[in-house]
Amino acid sequence: MNKFRQRSNNSKFLGIQARGFAATVAIAMVMAATAIFFAGPARADMAAMESSSTQFVEALATDALSALTDPEIPRDIRVKQFRVLFNERFAVTTIGRFVLGRHWKDATKEEQDEYLALFETLMVRTYVDRFEQYSGETLEMVRAVADKDTRATVQTKLIRPDISKPPVRMDWVIGAKGDEMKVIDVAVEGTSMAQTLRADFASIIRQKGTGLTGLIEALKDKLKSIEAS
Amino acid sequence: MASFALVGSLGACASAPDPSDVEAVEEYERINDPFEPLNRTIFEANLALDLVVLEPAARAYRWGVPEVLRVSVANVLNLLTQPVNALNALLQGDLKHAGHTVGRFVVNATFGVAGLADVATEMGLPNRPEDFGQTLAVWGVEDGPYLMLPLMGPSNPRDGVGRIADYFADPFNHWADNTRRNYAVWTRTGVDTLKFREQNLELIDDLQNSSLDFYATVRSLYRQRRGAAISNGDNSDRVPAPSIGMDFEPLVSDRAGKASLDEQVSSTQQ
C-alpha cells in the first residue's frame, strides 16, 4: 500500500515534470519563431546596411578623387563638379541643421535657407581646398558596424604615401532612407566634423548675440576672405 | 600698463547667461570654460608666438632635414614615451596594453636600433599613448574647466595634473636630473614640439582657414580627442556612438525635400 502510494506520487511528480518540459519546449519554440520573425530579418537588414554602406564609402572616395584631383580640369569646374557630388552624397540639410542645434528653431524660414546655402558653399570650398593637397593617399575600408538598419559607421584608414605619417582613422556615419544613402558625419581620429562645426558656430552666435543673423554675417565674411586668398 | 591689462583680464570671467534661459545655461555648463576671456588672451599670445617662432621653425625643419631623419627623430621620441605609457596602462589596470607597450619598447630599442626604426608597428604593436590625465579619467576624475596654458596649449586641471605627474614619473627626467643633464629635458621638449608642429602644418592651416572661431574649434577638438584617447577609441573594438543624436533621423531628400525638412523641424519642436 505504502509502496504503491509512493509510486503514484512519483508518477504524479514525473507527470508534472513532463508537462513542465513540454511547456518549456513550447515556449522555446515560440521564442525561436519570434526571433526568426523579428530579430532574424532585422539582423539581416543590419548586415545588408553594413555591406551597402561600405560600398557607398568606397564609391564616394573614388568619385571624389576623380572630381577633385584631375589637374587638367580648371579649379572652378572642379568646384562645380564637387558641389554636385557633395549634395548627392552628403545629407547637407541634416548636417547643417544639426550644426545649428537649438538656434535652428528660433530662426525664420528665410534665415534657415540663407544659412543652409552659405553652409553648403563653405563645406564645398573647404573640401576642395583639402583635396588641393592630395598626394596619393588611399582610403582603406576597415569594417562597418550598423547600430540600426538605417545607420552604420564605416571605419576606414587613410593611408598616406609619406611613411613618416601614420594612417589617419576616419569614421563615416552613413544614413539610409529607402534606396538612398548619405553621409551624416565624418569623424577624423575620433573628432566629429558635425560636433566641431556645432561648437564653432555656437560660439559665434553666443558672441554676436544676434541669433542666426550674426552667424550668417560671419559666414559671409569667411567666404569673402576665402575668395580673396 | 601691460601688467595692468593682464591683471584686468585675469579678473574677467565669461559672463554667465541669463538663468531663466534654460538652454543657454545648459550650453554654458557644457562648454565649461568660465575663464574664457583669459583663455582667449593666452590663446592669442600662443598663436602670435607660433606665427613668429614655431611655425617658421617647423617649416625650416621640414625643408632642412631629410624625411628619413625626421622619421627616426619621431621614432626615438616615441621610444622615450613608452615607460610612462606602460606605467599608465598598468595604473589603468590594462595589463594587456602594458605588456604590449613593454614589448614595443624592447623591440624598438633592440631591433629598431635604439628606437631609430619603428619595427614594432610593423610587427603589430602600434603606438597607443596613455598618460596620467587619461589614468585619472579612468579612475573617475572629471576634467574640470577648460584651460589654455601659456606655451603648452589646451588643457584642464585633470590633464594639467597629469602632465606634472608624468614628468616626475618619467625615468628620462630622473636620468637627466641625476647626471646634471637638464639640457637633455629641454632639448627633448623642444624637438618634440618641433616634430608635432611639422607633422601638423597642413592640418593647423586647414583648421585656421575653415573655422569661424578658431578658439572654439580648438576647444571642441581638444575635448573630443581626449575623450577618444580615454576610451581608447582609436584601437579598441568598441565602436564610437554616432555623433548625431538618436532622435536625429537622416534626411536624405535634402534640398529637394523641404516638406520633409519642415516635418522634421516640427516633430523636434514638440
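First, the conventions. Residues are numbered from 1 along each chain as its sequence is written, and chains are lettered from A and ligands numbered from 1 in the order in which they are written. The model is predicted, so local features need pLDDT of at least 70, side-chain atom pairs count only at pLDDT 80 or more, and totals for chains, interfaces and linings use all residues, while side-chain values use heavy atoms, with hydrogens and water left out.

I turn to the chains. Chain A has 7 helices and 5 strands; helices (H or I, at least four residues) and strands (E, at least two) are DSSP runs, numbered from the N terminus. From the N terminus, the order in chain A is α-α-α-α-α-β-β-β-β-β-α-α. Of its 229 residues, 42% are buried, where buried means under 20% relative accessible area, exposed over 50%, and partly exposed in between, with a 1.4 Å probe and protein chains only. Among contacts in chain A (heavy atoms within 4.5 Å) with a separation of 6 or more, 55% involve residues 24 or more positions apart.

Chain B has 13 helices and 2 strands. Its 270 residues are 39% buried, and 60% of its contacts between residues at least 6 apart in sequence join residues at least 24 apart.

Next, helix α9 of chain B, residues 171–178. Which of its residues are buried? They are B:Phe172, B:Asn173 and B:Ala176. These residues lie on the same side of α9(B), because they cover an arc of only 95 degrees around the axis, the arc being that of the directions from the helix axis to the C-beta atoms. In general, an α-helix has 3.6 residues a turn, so residues three or four places apart point the same way. The buried residues of α9(B) pack against α4 (67–91), α8 (157–169) and α10 (182–199) of chain B. After the helix comes B:Arg180, with a positive phi near 50 degrees.

Now a pair of helices from the two chains. The axes of α6 (residues 193–208) of chain A and α12 (residues 214–230) of chain B come within 8 Å and cross at roughly 145 degrees; axes are lines fitted to C-alpha atoms, for helices over the stretch in contact, and angles run from 0 to 180 degrees between N-to-C directions. On the α6(A) side, the residues in contact include A:Gln195, A:Ala199 and A:Arg206, and on the α12(B) side they include B:Ala216, B:Arg219 and B:Gln224.

Within chain B, α3(B) and helix α11 (residues 201–210) have axes that come within 11 Å and cross at roughly 145 degrees. Among the residues making this contact are B:Leu47 and B:Glu55 of α3(B), with B:Leu201 and B:Asp205 of α11(B).

Finally, two single residues. B:Asn46 sits in helix α3 (residues 36–64) of chain B. Is B:Asn46 buried or exposed? B:Asn46 is buried, because its relative accessible area is 17%. Beyond its neighbours within four places in sequence, B:Asn46 contacts B:Met148, B:Leu149, B:Pro150, B:Leu151 and B:Gly153.

A:Arg75 belongs to helix α2 (residues 75–89) of chain A and is partly exposed, with a relative accessible area of 27%. Setting aside neighbours within four places in sequence, A:Arg75 contacts A:Arg125, A:Val128, A:Asp129 and A:Glu132. A:Arg75 and A:Val128 are 53 residues apart in sequence and 8.8 Å apart in space, C-alpha to C-alpha.
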